[in-house]
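Student: I am new to this structure. Could we go through some of its packing together?
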Amino acid sequence: MKRTIWPHPADPRAIQILDQRRLPHEVVIADLLSCDDAVRAIRDMAVRGAPLIGATAAYGVWFACLEAQSSPDPAAYFKSALARLRESRPTAVNLFTVIDRQLKALDPVSDFSQKAALALETAAAVVEEDVEICRRIGGHGLELIKTIAGKKQGQSVNILTHCNAGRLACVEWGTATAPIYLAHQEGLPVHVWVDETRPRNQGANLTAWELGEAGIPHTVIVDNAGGHLMQHGKVDMVIVGTDRTTRTGDVANKIGTYLKALAAHDNGVPFYVALPSTTIDWKIRDGFKEIPIEERNPDEVRHAEGWSEGARRSVLLTPATSRACNHGFDVTPARLITGLITERGVCEASEAGLTGLFGDNAHES
Ligand code: MRU
């Protein structure tokens with residue numbers, strides 16, 4: 001499986017990413033050459049998805065160390081570069097935990113060339129760990145799909161997902177998609193309902209693209225269709241990702257996730273969240289009060305973007321004078337979640353469930 005971020009094969013001071021703003025119609029690789037390139041890539045969503053934001057930030061810290069070396073005041077430069085990195089997006093907790101992890105790793109050395117070497121090592125570790133975490137989530141989620149498949153007598157297991165919690169949101173595999181990739185590889189019949197995910201259309205643009213690349217049957221639906229499909233027995237399970245999870249199991253994910261959870265609850269459809277432990281914010285308990293929800297430019301709602309006559313174009317949907325609002329995420333309360341699929345197994349969405357699996361990490365912060 002191709003990765004979404006990797007060291008430049010010819011330039012030891014560069015990182016490459018897949019520019020997700022151009023998918024699904026163009027596959028464009030972009031170079032990151034500075035901390036501010038990493039900031040822009042995260043802020044402008046060339047990379048997105050909690051784990052990939054974290055991986056990009058890890059390299060951002062490395063760039064900041066390299067740049068600090070040629071600054072008249074290296075410490076001040078480094079501090080302001082990291083502040084810009086922290087401000088790039090607010091909701092995915094990986095951005096902050098990865099920067100903090102880098103700071104901890106760099107603390108023992110004061111020289112910025114030594115810090116740069118350590119930062120590059122840590123970034124590589126963040127990347128490799130994400131691959132392994134997602135692969136393990138895949139294994140645990142696969143068992144859930146197998147159980148449902150066992151009851152369907154050879155018919156496809158219909159899985160609904162929202163946004164893109166796929167390989168494009170991570171380094172490889174994805175979180176919500178990892179069980180689906182593994183099921184497909186094992187020859188289990190799976191079909192994915194892909195919410196288009198207005199306004200940025202991560203479902204229609206990204207999830208549909210990556211599932212298509214893997215040859216996985218899928219159907220793109222409008223964001224409001226999920227409830228109807230569930231009422232008609234056409235959804236066997238929902239699997240979504242998360243940008244930040246409280247220690248009590250509340251989950252912030254792309255706006256609209258909560259409505260899917262409500263519909264799933266009303267229709268007795270199991271609703272799972274694929275949860276790398278890197279997205280748990282152990283410091284917080286109440287998702288509604290404590291998770292910062294990104295508010296994006298209302299123009300994303302007022303316009304729609306698509307491909308026409310060989311180019312990506314934006315068209316105005318609303319009256320030119322209408323106001324719009326654009327919350328990027330919502331919080332699904334733990335009580336609506338059937339289970340959390342983590343790298344250590346599936347647990348209840350609760351403090352007992354999470355500390356049962358991650359007790360050793362839960363007290364760190
Ligand atoms: O705004 P985005 O595209 O960064 O939002 C991404 C999501 O909401 C994903 O579902 C989440 O980050 C989980 S990714 C494994």
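This is a predicted model: local features need pLDDT of at least 70, side-chain atom pairs count only at pLDDT 80 or more; totals for chains, interfaces and linings use all residues.

Student: Which residues in α4 and α5 meet?

Tutor: From α4, the residues are Val98, Arg101, Gln102, Ala105 and Leu106. In α5 they meet Lys115, Leu118, Ala119, Thr122, Ala123, Ala125, Val126 and Glu129.

Student: How many of the residues in that contact are nonpolar, polar or charged?

Tutor: The contact of α4 with α5 has eight nonpolar residues, two polar ones and three charged ones.

Student: Now to the strands. What is the order in the open sheet of four strands?

Tutor: The order is β11-β8-β9-β14, and the pairing is mixed. β11 (280-281) and β14 (329-332) are the edge strands, each pairing on one side only.

Student: Which helix packs on that sheet?

Tutor: Helix α9 (residues 257-267) does, touching β9 and β14. The direction of α9 makes about 35 degrees with that of β14.

Student: How many bridges join β8 to β9?

Tutor: Two bridges join them, and the strands run antiparallel: β8 covers residues 244-246 and β9 covers residues 251-254.

Student: What is the bridge partner of threonine 245 in β9?

Tutor: The partner is valine 251.

Note on methods
Residues are numbered from 1 along each chain as its sequence is written. Side-chain values use heavy atoms; hydrogens and water are left out. Two strands pair if DSSP finds at least two bridges between them. Contact means heavy atoms within 4.5 Å. Axes are lines fitted to C-alpha atoms, for helices over the stretch in contact, and angles run from 0 to 180 degrees between N-to-C directions. Ala, Val, Leu, Ile, Met, Phe, Trp, Tyr, Cys and Pro count as nonpolar, Asp, Glu, Lys and Arg as charged, and the others, Gly among them, as polar.
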